[in-house]
Amino acid sequence: MSTLFLRTLREDPADAEVASHKLLVRAGYIRRAAPGIYTWLPLGLKVLAKVEAIVREEMDAAGGQEVHFPALLPREPYEATQRWTEYGPNLFRLQDRKGGDYLLAPTHEEMFTLLVKDLYSSYKDLPLTIYQIQTKYRDEARPRAGLLRGREFIMKDSYSFDVTDEGLDASYSAQRAAYIRIFDRLGLEYVIVQAQSGAMGGSRSEEFLSPTEVGEDTFVRSPGGYAANVEAVTTPVPASQAWDDAPAAHVEDTPDTPTIETLVAAANADHPRDDRAWTAADTLKNVVVAATNPAGERGLLVVGVPGDRDVDMTRLEAALAPATVEAANEDDLKTHPELVKGYIGPGVLGPQARPEGVAFLSEDDATIPYMLDPRIVPGTRWITGANEHGRHVFDLVMGRDFVGDGTIEAADVRDGDEAPDGSGPLELARGVEIGHIFQLGRKYAEALDLRVLDVNGKQQVVTMGSYGIGVTRAVALLAENNHDELGLTWPVQVAPYHVHVVATGKDESVFEAAAALATELEAAGVEVCYDDRPKVSPGVKFKDAELIGAPFILVVGRGLAEGTVELKVRAEGTSEALPVDDAAAVVVARVRAALAG
């Protein structure tokens, strides 16, 4: 400790919101260089290296071979797959002195694809899985929570290459099993959930989420085993209803009812019905949003949802990827005077407003697209806006009086909603994505012309899988999940040191005994941090040891006169006296047992 490049802090950094960020800075593992960008210090690099080692071991065991690409890449491959544009403002773009366009890679699908294309040409070369552990860059609009959402981060990304879909299934299963082993070995709790591929493209997609209250991802699970990221949840579609006996739609005065709550109150007071009271679920809420594509083109879209639901912008954005979405602003509404705020109805939207013979989203289509929640099925009856201030339409029947341009999964998902597979009510939870696996299929191979000759000598497009793990994010989550009020409590398999030896007092014999124990432990393969600082008080040494968080703390101090030392188990908060002559053997046995699991 007297020579370790380390300064611990007693106060939390001002910009830190979550425990992992606070403690990794205070304990001297990382330092902030810029928003979302961190310098790794010796202690932090030790933990990072151990996480990487576990990842490498399991990737190699699953048949992967390691490569390493540059982080600085040319524009052309990303232009070919359209991701130079689709990534939008999240991509770090730059030019060299000759005006050539480059980027700092957010992912490396294109480079992996081109490398295999350059070297392989036959089905005999496949299957192949290659991977790297490399720094990635994304220009996050709001970097936060330290390493949990940064602009520079380290990721393990692996890619499988197969000739057939059956081969891709096998590669995907092998990577999935490897991920389970990795997260089990790291000691991270995780849930495997269905997910959307987003800008990555592809078909099958699953996320490994670590449940935590500080997570930015919302996921759901059911008693019967269904689990999905909230963006990927599909709504059970009710059966269509007959409308033979439905009354004709009629417009009624409903002054001062710009909200669902005021509309329901007015409907029950002034237009009651015989069978039951009106509720928010009987109203059709039409929400105007603005979607911006990666080229910067902005357009309006109206989403119709039952009035007891809100539009979840995260779900909507996932459905419209790679476009970004936000609520329409006043300037947007001014360009469309037919949209009467608070009283918008289907009559001015989508198919209802489109001239006969004009196709949806054709060059002649100047209407606002109208997408409906899957619950709005033919025969359902609604109260909705009449496109006039203070007026609503009652008994407007879907399929008879209006239709949409299609359905969209955009309404919020709630506790108690039925799981899509019928496995029971959904429960919402929060988590952090630590891994994501995709069946990319042939998207990137087709874009970059990756083909091999099959057994019949014919050219076949290769099918690919993509598999990512957030390595630096895993470090942050380990800190988030393993701490107490005193500091970090690392699991032994990732701790920077197995044992923290603390020499307390001023007697030279204490330091001699502590140094001897540290030497004996190291000789037995135990990793040791020895606090040999001669002029630092025991209180400061204890605080530093507890903050740094090694699994075992061996204290050599006043008990030495009676022939004992104290062994503390950091995570358990327990301690025991050990005979000094037996201490090294006992600690070695404890460390080995902990490492064995």
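Mentor: The axes of helix H2 (residues 42-61) and helix H6 (residues 165-186) come within 9 Å and cross at roughly 150 degrees, an axis being a line fitted to C-alpha atoms over the stretch in contact, with angles running from 0 to 180 degrees between N-to-C directions. This is a predicted model, in which local features need pLDDT of at least 70 and side-chain atom pairs count only at pLDDT 80 or more. Residues are numbered from 1 along each chain, and side-chain values use heavy atoms, without hydrogens and water.

Trainee: Why is H2 called roughly antiparallel to H6?
Mentor: The crossing is at roughly 150 degrees, and angles over 145 count as roughly antiparallel, so H2 is roughly antiparallel to H6.

Trainee: Which residues of H2 and H6 meet?
Mentor: Among them are Val51 and Ile54 in H2, and Ala178 and Tyr179 in H6, where contact means heavy atoms within 4.5 Å. The residues of this contact divide into eight nonpolar, one polar and four charged.

Trainee: What makes S26 and S29 edge strands of the sheet?
Mentor: Five strands form an open sheet in the order S26-S25-S27-S28-S29, with mixed pairing. Strands pair if DSSP finds at least two bridges between them, and S26 (528-531) and S29 (574-579) each have a single partner strand, so one side of each is left without a neighbour in the sheet.

Trainee: How do you know that S28 pairs with S29?
Mentor: Six bridges join S28 (residues 564-569) to S29, and the two run antiparallel; the bridge partner of Thr564 is Pro579 in S29.

Definitions and conventions
Helices (H or I, at least four residues) and strands (E, at least two) are DSSP runs, numbered from the N terminus. Angles under 35 degrees count as roughly parallel, over 145 as roughly antiparallel, 65 to 115 as roughly perpendicular and the rest as oblique. Ala, Val, Leu, Ile, Met, Phe, Trp, Tyr, Cys and Pro count as nonpolar, Asp, Glu, Lys and Arg as charged, and the others, Gly among them, as polar.
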